[in-house]
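Trainee: Could we go through this structure together, element by element, with the terms spelled out as we meet them?

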Amino acid sequence: GGSAAGIRLLACCPDYAARRDRLLAGSGAYVKWEERLAGLAVSSAVSAGGGVLAGPDGLALCEPSGGVLAVRELLCPPQRRADYLCALAAQFDAPAYHIHRPAQAGETGETVGLIRPLHPEAEDWDAASYMGLTLE
């Protein structure tokens, strides 16, 4: 379960962006969020009855929305995904879960948006790119 795996629900997470950056450091590309903006996303989730599910090796930004638990992003190693999913189910009783997470090597990701690189070096876009946190 969640607590047995070192995963707990936080009602505030002032260092969400820094934790997120550490978890995504090895990915091909991702959108870096300032702590202020990440704090706004966390506050929005908490005010809706959600929060940040945090463990030593992962994060999940959770926000109930219209009877569904919207997991704005789930960041954890693939071998720990089951632990984080169990923790989600233990913390949030929802009839459905909508989970955003980066695609792993060998997986086909789902297109959720468009991007126009503003710098020539960013034109070299690859399948490991992760747009990141979405606020709908």
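Mentor: Strand β5, helix α3 (residues 81-91) and strand β6 make a right-handed β-α-β unit, where right-handed means that, with the strands pointing away from the viewer, the path from the first strand over the helix to the second runs clockwise. Helices (H or I, at least four residues) and strands (E, at least two) are DSSP runs, numbered from the N terminus. This is a predicted model, in which local features need pLDDT of at least 70 and side-chain atom pairs count only at pLDDT 80 or more, while totals for chains, interfaces and linings use all residues. Residues are numbered from 1 along each chain as its sequence is written, and side-chain values use heavy atoms, leaving out hydrogens and water.

Trainee: In which sense do β5 and β6 pair?

Mentor: Pairing requires that DSSP finds at least two bridges between two strands. Strands β5 (residues 68-75) and β6 (residues 96-99) have four bridges, and the sense of their pairing is parallel.

Trainee: Which residue of β6 is the bridge partner of Val71?

Mentor: Val71 has its bridge partner in β6. That partner is Ile99.

Trainee: Is Ala70 buried or exposed?

Mentor: Ala70 is found in strand β5. Buried means under 20% relative accessible area, exposed over 50%, and partly exposed in between, with a 1.4 Å probe and protein chains only. Because its relative accessible area is 8%, Ala70 is buried.

Trainee: How does Tyr97 count, and at what relative accessibility?

Mentor: Tyr97 is found in strand β6. Tyr97 counts as partly exposed, because its relative accessibility is 34%.
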